[in-house]
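Have the viewer open and follow along.

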Amino acid sequence: MPLAPQVVEKIEEAANRLAGEIVLATPGKDDGLIPAYSLLSELADLTAGEPQLAEPITAARVGLDKLLDTGKPFDAESLGLLLRTVEWLQTAVTSVRNGTAVEKVAEAAPAAAPADAAGSQSAAAEKPAVDELLRFDLEESRELLTEFHAETGEHLQQIEAGMLALEGNPQDFEALNAVFRSFHTIKGNSGFLGLRPMHMLAHEVETLLDLARNREMTVGGAVVTEILKSRDAIETLNRQVGIALEKGTVPDVVVPVSGLIVAVKALVESRGASSAAVPSAATEAPVGAPVEVPAQAEAAPKPVPEAVETAAPAVPAAPAEREEKAAAPAKGKAVKKDAGDGAGSTATVRVSIDKLDTLMDVVGELVIVHSQLAETSRRYSPVAPPLQGNVTQLNRITKELQSNAMSLRMIPIQPTFQKMERLARDLARDCRKAVSFTTRGGDTELDRTMVEEIADPLVHMVRNALDHGLENEADRVAKGKAPAGNVELRAFHQGGQILIELQDDGRGLDPDKILAKARRQGLIPDGPPPPLEQIHQLIFLPGFSTAEKVTSLSGRGVGMDVVKRNVEKLRGKIDITSTLGKGTTFTIRLPLTMAIIDGLVVRVGDDRFILPTTSVQRALRPTKQQIVQIQGCGEVVDLNGKIVPLHRLNRHFGIPADAQDPWEGILVIVETSGRAYALLVDEMISKQEVVIKNLGTFMSSLTGSSGVAGGAILGDGHIALILDPAVLLKAA
């Protein structure tokens, strides 16, 4: 009776898991013995109705049964039979699915000399193909895969940070052991879940790192490069797991890892002695001579024991690894993570992003209700004196709850900075430049949404800094600079804002060159040059580039406009400070959160509008003499000799206003992208924090080009539109 398709799929899945387990098996050791026996028993049950499949599987299980009864590890004979059975299973399952005859298990090869036993076993272990689809039972293992996906992402971040630290300081054994433990955990968990490509690649890298921990190999550029490539491949595989969890379907794309496995094995065999001997997918430009770890050092630290220091894996470990993970915390418990500063530990727990967003929405509603109660208390406090005291107490509690809820959404920018370090390392090799890339303020916390959105602008900025900003080594030496260029990325708090700065000591921006290019393109009319700040802002225009040649990294003028657009989408702004021949500093200013805005509430007629206080310079009631009508330019206001264009909000939105003449109303001076302009309003009502609300699809026509960024509910119940100063200026 032929096997059902569902049974064939289970047989294939178990066979793949078995192949992953025995990769670690060697004669004289029992690693993988118990899981292999368990999987063979499972296969025997599945193939009970198909003798041509069941008999070879039973024969292999009997061999392992004898070892378990006597308490012995793998021997060459039993392991050889197991390897041949696993290899046979790959073709046997295909034959059963196609309805063709199943071939017999290959006979054992002639006995080799004892010295060749390990080599022949190793060659046999390499036979199973590893470039294959990830296979897992999404329905039965969804919870385990979810935990695995999250934890693997954390380990991959630790690996990247550790390898970059090792490249700068090969004697950083703490970083080396941290990277080893991360690969060890990924190997064990992926093996248990049957993620064979990830499991086998992590195992080979773990072997390479173990040699480095035992000082049996040198740590040079080739080792760091191949480990980072392997880390990227595992990240791609882990991303497939995340996509499968999100879409509910298993991945159908093969991520090739066999080439990486061959390269890592070559490093193991050569003990990392020469980068030229290592097969690699791409040729890399050398950056200095490889730095070697001393083979012998009297006071060198010993390798750190393989203890689990971070959150323990939620997925159960394979039986061969349970002993070393026995002390790990159980799933669902609060796990203590090393704070890294000797100040103790902090209990952590994973929470769904959706729950945090819901909490923030509820807190936002509470802030609105509190402002409405505060407005009511001001009206009725004479007849109800205790009401004012109760509202004051509610105000204190609301602010504390709001602060805590906002802090839950805040995450450090360090992971993004770490990606920029890796990007700078790879770009320096591509550009063949010596670069010292440093970061500061990685512990600065931003809203989660901002951390995700700011990564793309930083990528473009780092590319430009390394490709166009920094000179090559010969030019730097000729100018009296150090051969290696310096690029620093830093983040810090300032005045209720987050500042992110990227500074380089390269050639700087040439304002004459930028202005000449802008005039050729008709962006700036002939005449006196505009202020330096406005000239620098021209590089953010789409298609604008002063690069002498287009490279694979930059020069097409399609990057900096993306930077400005993404920063403004986050309600931030970007400034440039540059000195020709000395370097350039880009400064990004961002609000602390995207959920709440500190705004100035103004009135035009019966309507309320909110201007972000970060864009407001000042407000004044002008005199009649300050208002000037210029032919072809419209109304302007003279602010102590500085001419600023004047725009009327009522005309922009087509609404009536009380102030018909500017000297009858209030001028709010707004600055954006280095340019200032005045907005005419009837009255300034208050300065307050408001919760940003999406206007929805019904009023979507107001957002975008009209200069409206969202809406807010004020304490008196009125609806106010939140304005985008940059879009308002462009529309005007």
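Helix α8 passes helix α10 in a left-handed crossing, meaning the near helix is turned anticlockwise from the far one by less than a right angle. α8 covers residues 196–213 and α10 covers residues 258–270; they pack at about 20°, with their axes 9 Å apart. That makes α8 roughly parallel to α10 (angles under 35 degrees count as such). Axes here are lines fitted to C-alpha atoms, for helices over the stretch in contact, with angles from 0 to 180 degrees between N-to-C directions.

Who touches whom? From α8, the residues in contact include Leu 201, Val 205 and Leu 208, and from α10 they include Ile 261, Val 264 and Val 268 (contact means heavy atoms within 4.5 Å). By class, this contact has 10 nonpolar, 1 polar and 2 charged residues.

A word on the model: it's predicted, with local features needing pLDDT of at least 70 and side-chain atom pairs pLDDT 80 or more, while totals for chains, interfaces and linings use all residues. Residues are numbered from 1 along each chain as its sequence is written, and side-chain values use heavy atoms, leaving out hydrogens and water.

Now the sheet. It's open, with 5 strands in the order β4-β6-β7-β9-β8 and mixed pairing (two strands pair if DSSP finds at least two bridges between them). β4 (435–440) and β8 (573–579) stand at the edges with a single partner strand each, so one side of each has no neighbour in the sheet. β8 and β9 (residues 583–591) run antiparallel, joined by 7 bridges; Lys 573 has Arg 589 in β9 as its bridge partner. Finally, helix α13 (residues 414–431) lies across β4, β6 and β7, at about 175° to β4.

How values were computed: Helix = DSSP H or I, 4+ residues; strand = E, 2+ residues; numbered from the N terminus. Parallel < 35°, antiparallel > 145°, perpendicular 65-115°, else oblique. Nonpolar A, V, L, I, M, F, W, Y, C, P; charged D, E, K, R; others polar.
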